Amino acid sequence: MTVSQPSAVEIGLMSGRAGYVLRANDRGAFTVASPTLYPHMWSWDAGFVALGIATVSVPRALNELRSLLSGQWATGMIPHILFHEPSDYFPGPERWRTQVAAARPAGVLTSGICQPPIHVIALSRILHDARRRGGADQELAEEFVRETFDQWLAWHQYLATARDPYSYGLVEIHHGWESGMDDSPRWDSPYANVHPQPDMPPFVRADLAHVADPSQRPSDTEYARYLWLVEQKVRTRYDDTAYRATGDFVVGDVLVSALLAAASDLLADMGEELGVGGGTAGGVEQSRAIARRFRTGVLRSVDPQTGLARDLDLRTGQWLDVESAAGFAPLLCGGDEALTRRQRDLLLGPRWCGHSRLRWPVMPSVSPASPAFREQTYWRGPQWPVLNWLMAWALNRSGETEAANQLRLAGLSQLIDCDFAEYYQPVTGETLGSRDQSWTAAIALDFLA
Ligand code: 9YW
């Protein structure tokens, strides 16, 4: 299917409405992930939100990242949720009970796990925008990089050490939520070994109140497993070593690893350009070393038959063969040109964006040709606009500008109704989950810039 360039009127309407959504979701120092369903700051959402806001205001974009950093733990971890304000979102701070953790930050309540390290990718894009504009925006952005370099480095080092203690080159996650793709079939096999115990506190889900059809969300059985892992993190006081010794779910995540590699290279580039990170601690060199290790880890995970990267269940030692978007991790971190070309063709071909059943030729979370594909269940098939953005970003970065533009135009066509939904039914094109989702509006702004 070919998609065309949106008209000038459509571009005007879409950028106006996307800006309006972000303004409406702005709570001063931070942006809620969505107005009703997610009334807090989510870590990887904040990265996408910041790069979208930068197209209209560099200072406000930098504040978004500054606000996120206020939640950084002493370990370097950036937590997946910052609870700036009270709400009825579940699981809230009373479930996370992070007061048991010595490393928690002062002054802001947070969850106790993390999400994919997209932030430095966002920051480098903001810096690029700011430099294009020059003047005060450029000064502010450069100063921000100098000021925060060590905090980003600490975040990456946390992932590279506490979450890869044996230097496999894959970041281990302790919860499916840490992948950002909560119920992805990537995690079905490791979750089969997660066994909630009867002493787990009871719970009432809040997410189902916001969707018309429960089949669009994870099942109750899945949800009980998610909460059991939270309980295991609490019971091991959020100490990664203690959790690793007893926790049910420990998996090497290829997408997180690829993002860490890409972000670490960008951090090193910015450090070099701005003359930071070159001191005795050698921050630039440390970043490069992290990038190398995780790029190697990702490339090593590729199945030569399918050309897709695979997660590794560190409990059972098994590679997880699922045709999910994470299989394209090598496209994000680069390092093998032949594989990049192979993945480009696969991505645009009939098993993925070019699948004949898709309403829009946009990256689906799971291949429609896979037996695991479910067209309206959360991360089991629906299209998440940020994933499509990531693939377009990666293609651009590896010089595949035509392919990148194809994804960009298809992504814009999908968003033309300006609902900015959380996710999309890939076959019918229907909007699913929350409306006015911040990160969806943000990537529309970036695609239009
Ligand atoms: C939840 C906010 C988050 C995203 C996750 C996505 C979903 C639900 O929404 O999580 O309650 O945390 O899976 O990736 O950050 O948009």
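Colleague: What makes strands β2 and β3 count as a pair?

Modeller: In this predicted model, strand β2, residues 81-83, runs antiparallel to β3 and is joined to β3 over 2 bridges.

Colleague: Which strands make up the open sheet of 4 strands, and in what order?

Modeller: The order is β4-β5-β6-β7, again with antiparallel pairing. Here the edges are taken by β4 (171-173) and β7 (318-320); each has a single partner strand, and therefore one side of each lacks a neighbour in the sheet. On average, neighbouring strands of this sheet are turned by 35° against each other, direction ignored.

Colleague: How do you know that β6 and β7 are paired?

Modeller: Strand β6, residues 311-313, meets β7 in the antiparallel sense over 3 bridges. Since at least two bridges are required, β6 and β7 qualify as a pair. Within β7, Leu 320 is the bridge partner of Asp 311.

Colleague: Which residues lie around the ligand, and how are they divided by class?

Modeller: The residues are Ala 33, Tyr 38, Trp 42, Trp 44, Asp 45, Gly 180 and Asp 182. By class, this shell holds 4 nonpolar, 1 polar and 2 charged residues.

Colleague: Why does the radius of gyration of the chain agree with that of a compact globule?

Modeller: For 449 residues, a compact globule would have a radius of gyration near 22 Å; the chain has 20 Å, and therefore the two agree. Along the principal axes, the C-alpha atoms fill a box of roughly 60 × 50 × 45 Å.

Colleague: What share of the chain is buried, and what makes a residue count as buried?

Modeller: Buried residues account for 55% of the 449 residues. A residue is called buried if 20 or more other C-beta atoms lie within 10 Å of its own.

Colleague: How many helices and strands does the chain have?

Modeller: The secondary structure comes to 16 helices and 9 strands. Among contacts with a separation of 6 or more, 71% are between residues 24 or more positions apart.

Conventions:
Residues numbered from 1 in each chain as written. Predicted model: local features only at pLDDT ≥ 70, side-chain atom pairs only at ≥ 80, totals over all residues. Near = placed C-beta within 6 Å. Nonpolar A, V, L, I, M, F, W, Y, C, P; charged D, E, K, R; others polar. Axes fitted to C-alpha atoms, helices over the stretch in contact; angles between N-to-C directions. Rg over C-alpha atoms; globule rule 2.2 N^0.38 Å. Buried ≥ 20, exposed ≤ 12 C-beta atoms within 10 Å, placed from the backbone. Contact = placed C-beta atoms within 7 Å.
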